[in-house]
Amino acid sequence: MNKAFTVVFLCLGLSAAAGARDVNFTGDFESGRIQANGSSRDGFFVHTLPNPQSGSSDVSSTSGGFGPDSRTDTRVVKYENVGLQTIRPRKGNHFVRSALYYSKDYTKLNGGKNKPRSKLYMNHSNNAVNFDEEGYLGFSMFLPKNWEHERGAYGNPGEAQLLQVQSNGASSTLVHLGVYVPKGKSVAHWILAHFPTATSVRSGAKRVYDLGPVTGDLGKWTDFVMRYRFNPFSKRTRASTISGGMDKIFEGNKGILQLWKSNGSVDGGGNRKMALTSVNIVNKPVGIVPDARKKIDWHFRVYKYGWHKNRTTVKGPVWVGFDEIRDGRVHADNTGYSDVHPGGLACTSGCSTTGSASQILPPSDLVIVN
């Protein structure tokens with residue numbers, strides 16, 4: 001091998017290594033469609049409505065599909081015009097769009113209740129997370145410029161949920177992220193809640209964090225990185241001593257929940273500056289008692305559960321884009337912050353291994369819904 005070839009080979013190798021990502025799951029949608037649930041690339045369970053809908057007809061699949069021509073409310077697209085804006089992927093050639101329509105019938109998605117939602121779930125056991133396992137989740141969301149701020153129902157009743165982290169149904173929610181207009185405010189805010197309890201496999205007392213108004217993020221891709229380790233105990237505990245708990249000993253004060261969010265203007269690479277939010281818990285109890293039957297999975301969705309029940313000013317559609325979803329474990333997959341960041345950026349804000357949490361909304365402002 002001559003020197004010139006060796007240099008080129010090494011450069012190519014370094015370039016490939018720099019672009020590699022150590023993750024368990026990638027949802028970049030570059031396949032142009034949803035893959036079978038359980039696939040490590042673009043594998044989701046989808047439950048949505050056809051467009052147009054006939055009666056209460058619905059569409060669901062674990063085997064994939066939902067490409068640009070599928071005529072469903074959740075589908076992979078190359079671009080979409082929303083209002084007066086053309087929306088393109090965060091990266092690459094494809095992203096997922098989900099939309100809710102006030103006039104549609106969602107009863108088959110909700111056990112007979114007409115609560116508008118569309119599901120994009122990473123809920124296969126292949127991609128499930130173990131309790132007490134440190135990892136990183138990254139994703140990007142798009143709220144269009146014409147986003148309607150729900151001023152008919154303030155606080156939790158007017159929420160649009162966008163991400164739910166759970167282990168055994170809605171009663172076992174660990175974290176959820178959504179958007180609503182808090183009481184006393186005039187515009188929608190990003191809101192995160194988690195539900196820690198060391199006494200039950202079901203959700204406990206809620207802690208709610210206001211991440212700030214969405215107004216600076218409308219019309220842009222907003223990146224998030226979550227560092228997690230779900231362990232609710234403050235002292236060494238065998239979880240099986242609690243009803244439904246796993247037969248395993250968990251060390252105390254090992255929980256982690258940190259959330260970074262992008263802010264400001266977009267640079268030439270499509271990136272915005274990341275900052276650690278008020279969700280900053282390290283080496284403290286986080287989560288619910290580990291369930292003996294279930295691991296933890298991620299539910300990306302648009303869910304405006306109170307739209308038909310409460311007063312509303314939102315005509316719809318409620319439209320959200322999702323792209324560059326990645327999840328991996330620190331030890332099993334060698335995953336770090338930059339591996340899941342939608343643009344591959346390194347952490348520059350609040351990257352230390354210690355932290356504390358600041359609760360800034362009253363717990364009564366949120367309820368768990370199914």
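**View 1. His189 and its contacts.** His189 touches Gly178, Val179, Tyr180, Pro182, Asp210, Gly212, Pro213 and Val214, leaving aside residues up to four places away in sequence. Contact means heavy atoms within 4.5 Å. The side chains of His189 and Asp210 are joined by a polar contact of 2.8 Å. A polar contact is a pair of N or O atoms within 3.5 Å; within protein, one must be able to donate a hydrogen and the other to accept it, and residues adjacent in sequence count only if both atoms are side-chain atoms. His189 is buried, at a relative accessible area of 8%. Buried means under 20% relative accessible area, exposed over 50%, and partly exposed in between (1.4 Å probe, protein chains only). His189 is found in strand S12 (residues 189-194). Strands (E, at least two residues) are DSSP runs, numbered from the N terminus.

The model is predicted: local features need pLDDT of at least 70, side-chain atom pairs count only at pLDDT 80 or more, and totals for chains, interfaces and linings use all residues. Residues are numbered from 1 along each chain as its sequence is written, and side-chain values use heavy atoms, with hydrogens and water left out.

**View 2. The open sheet that includes S12.** Eight strands form an open sheet in the order S3-S2-S8-S19-S10-S11-S12-S13, with antiparallel pairing. Its edge strands are S3 (59-61) and S13 (207-213), and each pairs on one side only. Neighbouring strands of this sheet are turned by 10° against each other on average, direction ignored. Here axes are lines fitted to C-alpha atoms, and angles run from 0 to 180 degrees between N-to-C directions. Two strands pair if DSSP finds at least two bridges between them.

**View 3. The S10 and S19 pair.** S10 (residues 160-166) and S19 (residues 297-303) pair in the antiparallel sense. Five bridges link them. Gln164 stands opposite His299 in S19.

**View 4. Strand S20 and its partners.** How many residues of S20 (residues 318-329) are buried? The count is 12 of the 12, so S20 is largely enclosed by the rest of the structure. S9 (residues 135-143) runs antiparallel to S20, joined by seven bridges. S7 (residues 95-100) pairs with S20 in the antiparallel sense over five bridges. S1 (residues 25-27) is also antiparallel to S20, with three bridges.

**View 5. Residue partners along S20.** Phe322 in S20 is the bridge partner of Val96. Met141 also stands opposite Phe322. Asp327 in S20 stands opposite Phe25.

Definitions and conventions:
Helix = DSSP H or I, 4+ residues; strand = E, 2+ residues; numbered from the N terminus.
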